Amino acid sequence: MVAKKGGSKGGGMGGADDAEEELARTPLQAIVLADSFTTKFRPITLERPKVLLPLVNAPMMDYTLAWLESAGVEEVFVFCSAHSKQVIDYLDNSNWFGQPNFSVTTIESHNAISAGDALRSIYEQHVIRGDFILVSGDTVSNMSLSQALKEHKERRRKDSNAVMTMVIKQSKPSPITRQSRLGTEELFMVIDPETKQLLYYEDRGDNLKGYLSLDKALLADTSISLQNDKQDCYIDICSPEVLSLFTDNFDYQHLRRDFVKGLLVDDIMGYKIYTHEIHSSYAARIDNYRSYDTISKDIIQRWTYPLVPDVQFFGNSATKLERQGMYRAPEIKQSRSAKIGPFTVIGTGTSIGNNTEISNSVVGEGCSIGSNVTIEGCYIWHNVTIEDGCKLKHSIVCDGVTMKSGAALEPGVVLSFKVVVGSNFLVPAYSKVSLLQQPIKQDSDEELEYADNSSGITESPSISGTLVELNEEERTELADSQEYEVGDGGVGFIWLVSEGGQEEEWRHSVAPIPVDKLVGIMQITNDEADISNEDGAFLPPSGELGPDSITNDSNEDGEDTRDDSVIFEREVEATFQRAVEEEVTEDHVILEVNALRLSYNMTSADCAGALFYSVMKLALDAPHDSPIELVKNVATAVKKWKKLLKYYLPSIDEEIEVILKFEEMCLESAKEYSPLFVQILHHLYDQDIIQEEAILDWASEKEEAEESDKVFVKQSEKFIQWLKEASEEEDED
């Protein structure tokens with residue numbers, strides 16, 4: 001069934017003899033797959049389509065539609081199957097219909113349970129008339145489509161088999177978890193560096209068992225680039241043949257595992273897929289709770305501009321940006337004693353009681369938060385009631401939830417719609433709580449990319465989705481007749497994680513990965529590496545050499561990995577590297593580093609040391625053929641990022657931390673700097689990064705140290721003596 005809203009902006013195609021002229025008059029079209037949720041989002045997606053879940057201060061789909069409209073798309077077809085009525089009703093009541101030069105059409109099907117089914121259904125409607133953009137309704141982006149479209153069309157003119165262009169972006173996975181910052185698995189791609197043609201795609205790195213199996217034909221006639229530092233943005237520019245290919249191949253269900261991999265190994269038809277890498281733009285897809293958390297933080301920290309909380313776009317209610325990345329709607333009630341921390345969003349109509357503390361969180365509209373409540377790193381949706389004395393950490397609380405006095409949530413908890421947590425009840429870490437009883441059978445992510453109540457899920461007969469519509473009195477009566485699992489007066493069921501799944505819950509949670517989990521992974525990595533070496537293999541399971549702190553067996557290094565500071569420094573380095581590649585301002589970097597600082601409970605000295613390391617590593621990685629050129633690289637990097645470094649050097653203590661970090665680099669990770677220590681320290685002094693008092697105090701602290709710890713003090717003796725004499729002359733004057 002097709003329900004069309006808004007006018008067509010396509011213009012007639014009849015009578016045009018020239019194919020290119022026809023194509024030029026065809027409006028730019030897009031397909032938005034609204035059912036792109038996976039089982040990782042259950043139980044909340046059993047009650048509401050994921051694309052309508054709140055993302056900071058607007059439903060996910062509004063971010064997708066706002067981007068498509070700004071990127072010049074004229075016709076959008078929103079395909080919906082699961083919860084189709086809710087999606088269509090939302091769009092009917094939104095401002096998207098009737099927009100000039102932007103039409104929205106909904107296509108409804110109750111039989112589609114996969115991306116393949118969705119695209120086959122759209123093909124039967126005969127609505128796509130040229131190249132189109134294919135995205136899911138949980139995509140957030142601010143990229144311009146013009147360059148990618150231009151490249152795609154140019155390739156199509158030269159080769160009709162170039163049927164798809166995939167948008168990718170740099171996002172190096174964690175060396176420990178082998179996951180991207182979005183919680184997705186390590187992605188391996190082989191790309192022709194000249195043509196950008198995709199030759200190999202593997203998105204299940206955890207199953208690779210330490211090696212990649214590449215067809216030797218890939219190496220026969222061309223050079224290739226094997227990459228595992230890219231993120232698939234799930235934004236595809238497709239030719240109309242893509243729809244017919246899905247129709248011709250009914251076994252194509254998943255977009256990547258079936259369609260992309262199928263085309264890459266098909267030597268008969270010769271269809272080709274290409275890539276377009278973005279650098280300064282933002283693009284990401286939400287397909288688990290960790291990506292939901294990460295993208296929310298990116299929105300708050302303004303990486304997605306202009307799709308940010310204080311800029312009005314369709315679907316959101318603009319809030320006022322205040323200092324330290326805090327957003328507050330104009331109509332809120334906040335006690336004078338309440339403390340609202342940085343990188344926090346407070347929605348319209350929300351009230352906050354005495355001595356309540358909220359930090360790094362999003363609080364929706366119409367919420368009532370009592371006194372002495374602590375909320376850290378949480379997503380509180382709309383019309384939530386949190387009574388006095390509650391404590392919440394790194395959790396998601398859906399619409400209409402009530403937490404009675406003294407209740408607490410451990411990290412990773414998800415409370416689905418209208419759940420009631422009883423007084424003084426502690427919800428265990430990573431629990432999923434719903435008014436719906438857990439389905440007896442759940443579809444696997446391996447089988448389905450899209451799922452809903454009618455597609456292979458059997459509900460318990462004792463409870464149904466209508467429960468969420470009950471009023472307070474009816475819910476209270478039902479609570480008396482059910483054996484709920486969330487405390488005295490609570491209403492809700494705690495879902496059991498499938499066998500073997502509990503250990504993986506932390507991977508896709510909004511909570512930071514626990515340090516003990518990281519240590520456990522590293523220990524397993526070490527053990528596997530030892531076994532591999534015994535068997536004659538020289539690479540660890542990732543296929544690349546790991547950092548010294550992981551592969552070294554010393555007790556000291558083992559203790560270091562247990563420290564949050566190690567993870568914090570890696571996060572800061574990744575943030576800085578992204579800032580360099582995307583040419584963002586120091587102010588934006590400061591916002592993100594401050595968020596990491598609060599998340600890991602670090603100090604300004606920790607930030608200063610981590611950022612100094614990142615700047616010096618940038619200089620070291622830049623091309624240089626001599627020590628003189630390396631010093632020039634340092635001078636260039638310090639000059640460019642001086643404001644950023646100075647921000648985290650408010651006192652002498654932080655400056656001393658920078659010197660100590662430089663010593664550490666010279667001895668361990670960046671020994672090229674060792675003979676240049678004095679020269680670079682002098683440059684930092686000349687640039688007012690390090691004051692003479694910090695240098696003299698550093699030298700003084702080293703006087704009682706062992707000789708092995710005085711290497712760089714001795715190198716700097718003349719410089720230190722010069723500073724002392726200059727200081728004495730100033731005192732005499």
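Modeller: Below we go from the overall picture to some strands, helices and loops.

Colleague: Great. What kind of model is it, and how are residues numbered?
Modeller: It is a predicted model, where local features need pLDDT of at least 70, side-chain atom pairs count only at pLDDT 80 or more, and totals for chains, interfaces and linings use all residues. Residues are numbered from 1 along each chain as its sequence is written, and side-chain values use heavy atoms, with hydrogens and water left out.

Colleague: How many helices and strands are in the protein chain?
Modeller: The protein chain has 22 helices and 36 strands. Helices (H or I, at least four residues) and strands (E, at least two) are DSSP runs, numbered from the N terminus.

Colleague: And what share of the residues is buried?
Modeller: Of the 733 residues in the protein chain, 54% are buried. Buried means under 20% relative accessible area, exposed over 50%, and partly exposed in between, with a 1.4 Å probe and protein chains only.

Colleague: Which strand has both faces covered?
Modeller: Strand E10 (residues 188-191) does: Phe188 and Val190 are buried on one side, and Met189 and Ile191 are buried on the other. In a regular strand the side chains alternate between the two faces of the sheet.

Colleague: What does E10 pair with?
Modeller: E10 is joined to strand E11 (residues 198-202) by four bridges, and the two run antiparallel. E10 also pairs with strand E12 (residues 225-227) in the antiparallel sense, over three bridges. Two strands pair if DSSP finds at least two bridges between them.

Colleague: Which residues stand opposite Phe188 and Met189?
Modeller: Phe188 faces Glu202 in E11, and Met189 is opposite Gln227 in E12.

Colleague: What about the turn from E10 to E11?
Modeller: E10 and E11 form a hairpin with six residues between them. Lys196, in that turn, has a positive phi of about 70 degrees.

Colleague: Where does a parallel sheet turn up?
Modeller: Six strands form an open sheet with parallel pairing, in the order E18-E21-E24-E27-E30-E33. Its edge strands are E18 (333-334) and E33, each pairing on one side only. Within that order, strand E21 (residues 351-352) and strand E24 (residues 368-369) pair over two bridges, and Ser351 has Ser368 in E24 as its bridge partner.

Colleague: Switching to helices, how do H15 and H16 pack?
Modeller: H15 (residues 604-621) and H16 (residues 627-640) pack at an angle of about 135 degrees, with their axes 8 Å apart. That makes H15 oblique to H16. Axes are lines fitted to C-alpha atoms, for helices over the stretch in contact, and angles run from 0 to 180 degrees between N-to-C directions. Angles under 35 degrees count as roughly parallel, over 145 as roughly antiparallel, 65 to 115 as roughly perpendicular and the rest as oblique.

Colleague: Which residues make the contact?
Modeller: Val615, Met616, Leu618, Ala619 and Leu620 of H15 meet Leu630, Asn633, Val634, Ala637 and Val638 of H16. Contact means heavy atoms within 4.5 Å. Ala, Val, Leu, Ile, Met, Phe, Trp, Tyr, Cys and Pro count as nonpolar, Asp, Glu, Lys and Arg as charged, and the others, Gly among them, as polar.

Colleague: And how do H18 and H19 cross?
Modeller: The axes of H18 (residues 652-667) and H19 (residues 677-686) come within 12 Å and cross at roughly 155 degrees, which makes H18 roughly antiparallel to H19. On the H18 side the contact is made by Ile659, Phe662, Glu663 and Cys666, and on the H19 side by Phe677, Ile680 and Leu681. Those residues divide into six nonpolar, no polar and one charged.

Colleague: Is H2 largely enclosed or left open, and why?
Modeller: Nine of the 11 residues of H2 (residues 60-70) are buried, so H2 is largely enclosed by the rest of the structure. Among the buried ones are Tyr63, Leu65 and Trp67. Just after H2, Gly72 takes a positive phi of about 95 degrees.

Colleague: Which residues have a positive phi without being glycine?
Modeller: Arg302 is one of them, at about 75 degrees, and Asn424 is another, at about 60 degrees.

Colleague: Are those two buried or exposed?
Modeller: Arg302 is buried, with a relative accessible area of 15%, whereas Asn424 is exposed, at 62%. Arg302 is found in the loop between H8 and E16, and Asn424 lies in the loop between E33 (420-421) and E34 (426-427).

Colleague: Last one: where is there a cis peptide bond?
Modeller: Tyr305 and Pro306 are joined by one, with omega about 10 degrees. Pro306 sits in the loop between H8 (289-300) and E16 (320-322).
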